[in-house]
Amino acid sequence: MPDVAVLADSASNLLAARNQMGFTLGFHIVLACFGVAFPLVMLTAEWYGHRKQDPEALRLARNWSKGVAVLFAVGAVTGTVLSFEFGLLWPRFTDRFGDVFGIGFAIEGIFFFLEAIFIAIYIYGWDRLSPRAHMLSAVPIVISGIGGAFSVISVNAWMNQPQGFDLNSAGEVTNVRPFEAIFNPATGYEFFHMWLAAYMVTGFLIASVYAVGMLKGRRDRYHRLGFLIPFTIAAIATPIQIFVGDTAARAVADDQPAKFAGFECVYESGDNQTEYIGGICTDDEVKGAIGIPGLDSLLVGFSTDTYVKGLDQVPDDEEPPALTLLHLSFDTMVGIGTALFLLAVWFAISWWRRRDIPATPWFLRAAAVSGVGAILALEAGWIVTEVGRQPWIVYGIMRTEDAVTPAQGIWWVFGLTMLLYIALGVTAITVLRALSRRWREGRPEAPGEIPYGPPPGERSGTST
Amino acid sequence: MSSADVCAGILWVGVTLYAIFGGADFGAGVWDFLAGSGERAKRVRAQIDRSIGPVWEANHVWLIFVLVILWTAFSQAFSAIFSTLYIPLALAALGIVLRGSGFAFRHALPGPVERPATRVFGLASVLTPFFMGTVVGAIAAGEVPADGNGDPTGSWIGFLPLSLGVIFVLLTTYTAAVFLVHDSGTAGDLELRDYFQRRALAAAVLAGAAAVVGVIALRADARYVYDGLTSWPGIALVVISGVCGLIALGLLVTGRNYGLRVAAVGAGTAVIWGYFAAAFPYLLPTSLTISDAAAPSATLTAVIIVFGAAVLVVIPSLALLYTLSQRQALESYSASSDATSPRQ
């Protein structure tokens, strides 16, 4: 007879490990977005500055490159923590499947290298490289951000749509086909969805900083460009994202019906499914939601006759947990995404007709919260993907509870990690705010005030 | 040579580069911490910033490389190591987080953040090499069973792991001091060069003394590795390492810089590969061999291809970075220019 205390322990371990992984990944994902998208924003400003002979754009590019550096450094360490967690939290997952999904990470390693190398060259090369060479040094950063995102997302996609290996009768992995594992059915839509999300999060968040400045009356060219460059990039990404997200949801309805039924709260399989907005999802019904009859079927198959699988076809022990959380997260993501789309349209109309930002302060107010909104949508979407995949770590093949470490004390580690990361986040925001205040005041940095660069005053002895 | 052996070799290339270049960055953090305060300490820290600022993140990527190759090509070994040595590994990760963020933040804000960030940077720089040393010691001592879940405390709290932890800290400070001797010499700051020269010597003497203890510990706790290091081909690499170490010591004593870095790096590389030769054919002596831990051949082939691509793409880029930073072509913000007058 199994020991009850041991069983309770392992359930608690699973929850602790999932919390730990979820928290550290949820923290890192924001920094990862900046790693992917901030270099493009910075390079756009530099390119514009050189092209239009605009010193303010160049000043922005130079200032932003310091933000890129600080965020990349923090992202590099929080990313390292995640690599450790593959072994510290999920040793049995890595043991069994590391040889299948690992290649994606190996490829990511190359991109990470290039990113680290060329960020260093770019940051340290401001006054030492010609404008052309300097801008060229940013191109590998932009490309490796995209390539790195693709590699990492391909692993997450593989966890949702595992393929590229066989299992023998003992459940051991044989006949590994790494190429198939990387290009699994979910890689395409997951990658494009995440890539565009990175541009949206980064673009809206940077723009919202300058929107706040403009609301406070700082309407100079520096703030205007600081708003326009990232906002335009985000505004271009948003409508494409609506299309990609819609495609992704339809694909999930096919590929992972349990996840789809979970976040749409579809209980009974059948056609003419109601689309529920908001509400609480109990074990067998939705309460307090706004229901639009037939819309769910229409969205899945362009016809209200479309058959949608419900939770009734999913064995009880394979249903995703926390249905309400899933459902509301999905609604949050879609709702904020739609709001951001409307904001982008508003901006586009105004720009098309008057070549200017909408005159009403309400536009800037909306833009000022768009960054926080984009982050919320990002986290909500990530909850949908990850919690929606549960109870599986490898969809349909390995359960998360079978992957977790038996090691003790994860709750303690989780608590300490929370404290550490909160301190890290607060310091990063404090530092960026202090830098931005200094840039705004337009005064040059005093020696020792540059985020991890050589202090300028110390260089007198280093003739070149 | 099987493709599993090739992958183990690739893994070890990553280990070597991380131990030497990543290690030197940690060692520099220790010197930063020990610099104290005052005018000279400022110059010491400025030199450390100049030396490691442009390269530390690229050097850090070697660790990711090692982890990824380990879990892809040798999943079972990765899982065994992490499910046994999770305490020192978690502490090493803590050191990585604190060191990296401390370094990134230290100059951002004068006053409130700079001072604590510098402290954190320095202290955390000891954590990672120490606990990595205990991990290597526990593996060498055969404390990691092939199926994992070994003793979470007894495996690494022992004579060999703890002494290797200390040795790792001393060796990283030694390597860092040697690099800083070179860099401050190139920068023309002779006083600073002498400063680091004295410290490199002190670290060399301490590391040498600790190495003697390490050999005794190896003999007591890791007989398989010890025997490998004292017989062909391990012994050859140990001798090469010793000769390089003595050359480096001689150069330090006589105050010559030429060839110093090569000798020091050679000493480190030879001993790291000496371990590899001594432990061969084991990945976890003596519980798991390279071939038993190896992934299916398609995965190994993919790892080798990815490594080939990395050599083609990353090595030239790294060479460009090192060249530019050594030529000091890469320095931000010349004293005359400020943020408002970007160069056209």
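What is the mean pLDDT of chain B, and what share of its residues reach 70 or more? In this predicted model, the mean pLDDT of chain B is 86, and 93% of the residues of that chain reach 70 or more. Confidence falls at residues 331-344 of chain B, where the pLDDT is below 50, although this stretch still has 37 contacts in the model beyond near neighbours in sequence. Chain A averages a pLDDT of 85, with 93% of the residues scoring at least 70. Two stretches of chain A have a pLDDT below 50: residues 1-5, which have one contact beyond near neighbours in sequence, and residues 445-464, for which the model shows 60 such contacts. For the complex, the predictor gives an ipTM of 0.87 and a pTM of 0.87.

The overall form of chain B was considered next. Chain B contains 13 helices and two strands, and its C-alpha atoms fill a box of roughly 60 × 45 × 35 Å along the principal axes. The radius of gyration of chain B is 21 Å, which agrees with the value near 20 Å that a compact globule of 344 residues would have.

Within chain B, helix α7 (residues 159-186) comprises 28 residues and reaches 41 Å from its first C-alpha to its last, close to the 40 Å expected at 1.5 Å a residue. This helix of chain B is mostly covered, with 22 of its 28 residues buried. Helix α7 of chain B is followed by B:G188, a residue whose phi is positive, near 85 degrees.

Helices of chain A were examined in the same terms. Helix α4 (residues 131-160) of chain A has 30 residues, and because a span of 44 Å should follow at 1.5 Å a residue, the 44 Å between its end C-alpha atoms agrees with expectation. Helix α4 of chain A is also mostly covered, 21 of its 30 residues being buried. Helix α7 (residues 221-255) of chain A, with 35 residues, reaches 49 Å from its first C-alpha to its last, close to the 51 Å expected at 1.5 Å a residue, and bends by about 30 degrees at A:I240.

A:H50 lies in helix α1 (residues 4-51) of chain A. This histidine counts as partly exposed because it has 18 C-beta neighbours inside 10 Å, whereas a buried residue would need 20 or more. A:H50 and A:P131 are separated by 81 residues in sequence, yet their C-alpha atoms are 7.8 Å apart in space.

The nonpolar interior was then described. In soluble globular proteins, nonpolar side chains tend to be buried together. The largest nonpolar core of the model has 285 residues, and those with the most contacts inside this core are A:C33 and B:I69. Helix α3 (residues 91-124) of chain A supplies the largest share of the core, 22 residues. When neighbours within four places in sequence are left aside, A:C33 is in contact with A:A197, A:A198, A:V201, A:T202 and A:L378.

Notes. Residues are numbered from 1 along each chain as its sequence is written. Chains are lettered from A and ligands numbered from 1 in the order in which they are written. This is a predicted model: local features need pLDDT of at least 70, side-chain atom pairs count only at pLDDT 80 or more; totals for chains, interfaces and linings use all residues. A nonpolar core is a set of buried Ala, Val, Leu, Ile, Met, Phe, Trp, Tyr and Cys residues joined through C-beta atoms within 7 Å. A residue is buried if 20 or more other C-beta atoms lie within 10 Å of its own, exposed if 12 or fewer, and partly exposed in between; C-beta atoms are placed from the backbone. Helices (H or I, at least four residues) and strands (E, at least two) are DSSP runs, numbered from the N terminus. Two residues are in contact if their C-beta atoms, placed from the backbone, lie within 7 Å. The expected span of a helix is 1.5 Å times one less than its number of residues. pLDDT is the predictor's confidence in each residue, from 0 to 100. The radius of gyration is taken over C-alpha atoms; the globule rule is 2.2 Å times the number of residues to the power 0.38. The bend at a residue is the angle between axes fitted to the seven residues ending there and the seven starting there.
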